[in-house]
Amino acid sequence: MNTPLLWTRRSLLATAAIAPAACAAGPAMMAGDHDSGRYLATTEFEDQDTIWVTWGENGFLGGEPMTETLVPLIREISPHVRVRILYNQWTSWLDAEANPETTRTPEEMHARISARLTEAGVDLARIDFQITPMLFGAIQDPGPVFLRRQDGDMKIADFASRHFDRKVSYLDRELVAPMGIAAISSQMKCDAGNRQCNGRGVLMVGGAFAQRINPEMSRAEMEAEYRRVQGVEKVVWLNHGPREEDFDLLEDGRWGIGTGGHIDEFCRFVDARTVILAEVSEAERTLGPVLAETHRRMEENLAILQAARDVDGNPFRILRAPLPHLMTFKLAFDDLNPFEKYWFEGPGPGDEMEFYLPGSYTNFVIANEIVVTSSYWREGMDEKIRARDEEGLAAIQAAFPDRRVVQIHATPLLHDGAGIHCYTRNQPVKRAKPRA
């Protein structure tokens with residue numbers, strides 16, 4: 001197998017078996033270098049300075065171009081927060097795979113993106129552009145996770161990466177180097193999409209995923225690293241994500257191409273005391289083995305959350321949001337490009353694969369006064385998908401009564417096993433303001 005020199009959320013999962021057990025992220029700052037009571041993990045529901053967005057144009061696994069989602073996302077959030085677009089001379093990591101010797105310059109790519117955004121009505125005065133040292137898809141996982149001290153000084157939480165290209169472990173530090181921001185590093189592997197912080201000392205983690213990528217560590221050892229690096233006092237360990245999110249051939253003969261259990265696909269903090277958890281109804285769980293397993297997993301996570309307490313001993317308020325109706329897509333193996341074939345272990349010439357599109361309403365983006373969540377219905381689709389989109393919107397709006405919630409069509413990103421939150425990374429303001 002040729003190793004593709006790119007970053008995508010799914011390529012990381014597909015290569016987990018060949019990733020080194022301890023992928024060093026360069027010289028690590030150990031416990032004596034860091035006062036965990038001073039630099040604390042920030043939250044996405046507080047005031048944000050900038051939201052970073054990965055630019056990618058090509059569709060993947062039969063999907064529409066990713067710009068069909070990314071441009072509307074930028075248009076919605078840019079009036080409320082600055083947007084930093086990460087790009088280089090290729091239109092996407094797929095373009096780089098097919099054309100390693102591009103003749104396009106970064107300046108030409110900058111002009112190309114600017115023209116597209118202007119055509120969509122985006123105010124370019126709200127946009128910053130940053131050339132990236134390497135290509136990737138979902139910035140959420142390898143991107144900079146910001147920590148902040150009371151005086152406003154910032155660092156980033158720099159965990160190791162499981163990606164086969166070790167440069168990914170340095171990516172977050174390279175992105176913030178022009179800003180003069182240092183890193184608190186760890187050799188423990190961690191995807192940023194698999195942890196959520198409430199800003200008051202509590203971290204939620206997808207435990208099954210975290211354990212799978214760190215088989216040599218106990219939960220106690222991982223928790224010690226979360227405390228040291230992110231300054232948290234308590235870790236709430238949820239278990240599995242939705243079954244259709246698993247990166248594997250599932251029991252009904254369809255493939256999963258999702259995150260494999262990232263927490264941002266099924267459970268998020270809404271404020272310091274409130275979480276929103278995905279749900280499969282009692283009626284739906286009888287419709288097949290995948291829904292039955294997802295129902296079991298989400299109710300298991302619900303029980304964990306009901307028993308959990310914050311650092312002051314208070315219970316959390318728990319809201320529920322539906323999962324989208326299960327959606328699938330079919331592709332012939334012979335129609336895949338070489339890298340797409342690399343995603344499916346087993347099929348060969350003449351085979352057809354059907355895979356789940358791993359949708360989520362909780363994979364939202366919070367941009368100060370606005371929250372952007374997903375929709376999936378398009379003209380000609382079953383009306384039940386539109387009705388479920390409306391239920392998802394209502395659930396997210398109920399969770400954020402003081403903010404405007406909008407939906408954008410996010411299916412193009414599902415073909416990369418991702419969502420709108422996966423393609424973003426929040427950068428908070430230097431000094432937090434109290435929010436009710």
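Helix α2 (residues 67-77) lies across β18, β19 and β20, running at about 160 degrees to β20. The model is predicted: local features need pLDDT of at least 70, side-chain atom pairs count only at pLDDT 80 or more, and totals for chains, interfaces and linings use all residues. Residues are numbered from 1 along each chain as its sequence is written, and side-chain values use heavy atoms, with hydrogens and water left out.

**Terms for strands, helices and angles**
- Helices (H or I, at least four residues) and strands (E, at least two) are DSSP runs, numbered from the N terminus.
- Two strands pair if DSSP finds at least two bridges between them.
- Axes are lines fitted to C-alpha atoms, for helices over the stretch in contact; angles run from 0 to 180 degrees between N-to-C directions.
- Contact means heavy atoms within 4.5 Å.

**Sheet β18-β19-β20**
- This open sheet has three strands in the order β18-β19-β20, with mixed pairing.
- At its edges stand β18 (365-367) and β20 (404-409), each pairing on one side only.
- Direction ignored, neighbouring strands are turned by 30 degrees against each other on average.
- Strand β19 (residues 370-375) runs parallel to β20, joined by six bridges.
- V372 has V406 in β20 as its bridge partner.
- Helix α10 (residues 383-399) also packs on the sheet, where it touches β19 and β20. The direction of α10 makes about 150 degrees with that of β20.

**Sheet β8-β9-β10**
- A three-strand open sheet, again of mixed pairing, has the order β8-β9-β10.
- β8 and β10 (234-238) are the edge strands with a single partner each, so one side of each has no neighbour in the sheet.
- β9 (residues 202-206) and β10 run parallel and share five bridges.
- Opposite V202 stands K234 in β10.
- Helix α7 (residues 219-230) packs on the sheet and touches β8, β9 and β10. Its direction makes about 130 degrees with that of β10.
- Helix α8 (residues 289-307) lies across β9 and β10, at about 155 degrees to β10.

**R297 in helix α8**
- R297 belongs to helix α8.
- R297 has a relative accessible area of 6%, which makes it buried. Buried means under 20% relative accessible area, exposed over 50%, and partly exposed in between (1.4 Å probe, protein chains only).
- Neighbours within four places in sequence aside, R297 contacts H240, G241, P242, R243 and D246.

**Strand pair β16-β17**
- Strand β16 (residues 327-332) runs antiparallel to β17, with six bridges between them.
- The bridge partner of T328 in β17 is Y356.
- β17 (residues 352-357) is largely enclosed by the rest of the structure, because five of its six residues are buried.

**Cavities**
- A cavity is a set of points on a 1 Å grid over the protein atoms alone where a 1.4 Å probe fits but cannot get out; lining residues have an atom within 4 Å of a point.
- Grid points are joined across faces, edges and corners, and a volume is the space filled by probe spheres set on the points.
- The structure has four cavities of 30 Å³ or more.
- The largest cavity has a volume of about 240 Å³.
- Its lining has 21 residues, of which T42, E44, R195, C197 and R425 are the closest to its centre.
- β8 (195-197), β13 (267-271) and β21 (424-428) each give two or more residues to this lining.
- The lining of the largest cavity comprises ten nonpolar, seven polar and four charged residues. Ala, Val, Leu, Ile, Met, Phe, Trp, Tyr, Cys and Pro count as nonpolar, Asp, Glu, Lys and Arg as charged, and the others, Gly among them, as polar.

Terms used:
On a 1 Å grid over the protein atoms alone, a cavity is a set of points where a 1.4 Å probe fits but cannot get out, and a pocket is an open set with protein on both sides within 12 Å along at least five of seven lines; lining residues have an atom within 4 Å of a point.
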